[in-house]
Amino acid sequence: MLFLVLFTSCSKSEDQPQSQSFIMLGTVCRITIYDKPTEEAFSAAFSRIREIEQKMSLHSETSEIAKINAASGREAVQVSEETFRVIDKALQIAHLSEGAFDITIGPLVKAWGIGGDDARRPSDEELALLLPLIDYTMVELDHQARTVYLPKTGMALDLGGIAKGYAADEAARVLRSFGIERGIINLGGNVLTMGTKQDGSLWRIGIQDPESSRGEYAMIVQLDDTSLVTSGPYERFLLLDGEFYHHILDTKTGLPIDSDFTSVSIITKNSMLADALSTSVYALGLDKGMKLLNELDEVEGLFFTEAKQVLFSNKRHPYRITNTEYWE
C-alpha cells in the first residue's frame, strides 16, 4: 500500500473499528468503520465499488469502456450517466494539464502491460504506430444523447487514473447513507478519510517512503473528511535486462515519464480529482505541476524529489516530517 493508516493513538476499546477488504479495481480495497459498523453498510459500499469496476474497467470485455473501445472508428456508444460523467471530468482535467493526464492512453497501457502477467517493452516502431491514437481532444461526447465516440480505429480509453478516486467518493457516499460518520476507505492507496477520530483528533496517514521498502513511511499527514492520493514510479514497474520501466507513461513519447519527482501526493476533498491530479502533476514535473496546483482552490500537494527534497504547494496543511533525510 502507498499509505499506512496509523492507529497508535486510538485503542479498540475506544473506537471498536471493524474492517473488511476485497480484491477489486486490480488492488486490495479496504474499508474500516469506526462507528455503527454493520454488515449491510460494508456490503453496500463494496457492491458500489464492484458496480463501478464492472462499468469502467479497461480489462473487462463487458464494461462500458470496453464497448466504447471496441467501437472505435465505427460508431458512438451510449453509456450510463456516471460513466459519461467520469469521462467528461477526465477530459476536463486533461485540458487543465495540457494532456499530461490523458484517458486515451489505453493503447499504450495495453502494449506495455505493466502490472500484468505479460508486461513487456514495446519496440520503438510499435510505439510510433500507437502514438497517433493518443489524443484526448479527439474524443467526441454528445451530452444530450450521452454517447462517447473515438474517431480512430484502435483508440482506447483507460480510466485507471481516475476511477479508483471516483469509487472512493461513492463508497463514502454509500456509508454516509447508513449513518456512518467515521471511517477510512483505502482503495490500493487511494485514501479517503471520513470525519475524525472519536476524540475529535485527526486521522494520521503515513505516506510511503519512495526510497525504501513497502511499509516504511517518510511523513505523517493529519486529515479529516479529506482524500489523499499518491502517484510514484515505485507503484508498478517492469525490470527487464537491467532496465527499470514504470507504469506512468508519457503521452508524447510512449515511454515511462522522466519526472522530477519520486512521489506526488494530492490532498483535497474530492478523491476523483485527487486521483487524476496525482498523475497529472507527476507527468508535468516540478514547475508546471506546481503552477497547476496553485491555480486550483482547496487542493494541496506535497512532493518527494529525485534530489531528496520534500516540497509543498503554496497552501499549507498540518504535515509532520518523520524522516529528516528528506528535509533541508
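Visitor: Where is Leu133?

Guide: Let's start with a term: helices and strands here are DSSP runs, numbered from the N terminus. The model is a predicted one, by the way. With those names in hand, Leu133 turns up in the loop between α6 (124–130) and β5.

Visitor: Is Leu133 buried or exposed?

Guide: The cut-off for buried is under 20% relative accessible area. Leu133 has a relative accessible area of 12%, so this residue counts as buried.

Visitor: How far apart are the C-alpha atoms of Leu133 and Met155?

Guide: Along the chain, these two are 22 residues apart. Met155 is also among the residues that Leu133 touches, along with others including Thr104 and Pro107.

Visitor: What about Gln78, is it buried or exposed?

Guide: Gln78 belongs to strand β4, residues 77–78. Exposed means over 50% relative accessible area. Gln78 comes in at 56%, so the word for it is exposed.

Visitor: Which backbone oxygen does the side chain of Gln78 reach?

Guide: Setting aside neighbours within four places in sequence, Gln78 is in contact with Ala145, Arg146 and Thr147. At 3.0 Å, its side chain reaches the backbone oxygen of Ala145.

Visitor: How far apart are the end C-alpha atoms of helix α4?

Guide: Helix α4 covers residues 81–96, which is 16 residues. At 1.5 Å a residue, the helix should span 22 Å. That agrees with the model, where the end C-alpha atoms are 23 Å apart.

How values were computed. Residues numbered from 1 in each chain as written. Predicted model: local features only at pLDDT ≥ 70, side-chain atom pairs only at ≥ 80, totals over all residues. Heavy atoms only, no water. Helix = DSSP H or I, 4+ residues; strand = E, 2+ residues; numbered from the N terminus. Buried < 20%, exposed > 50% of the residue type's maximum accessible area, 1.4 Å probe, protein only. Contact = heavy atoms within 4.5 Å. Polar contact = N/O pair within 3.5 Å; in protein donor to acceptor, adjacent residues only side chain to side chain. Expected span 1.5 Å × (residues − 1).
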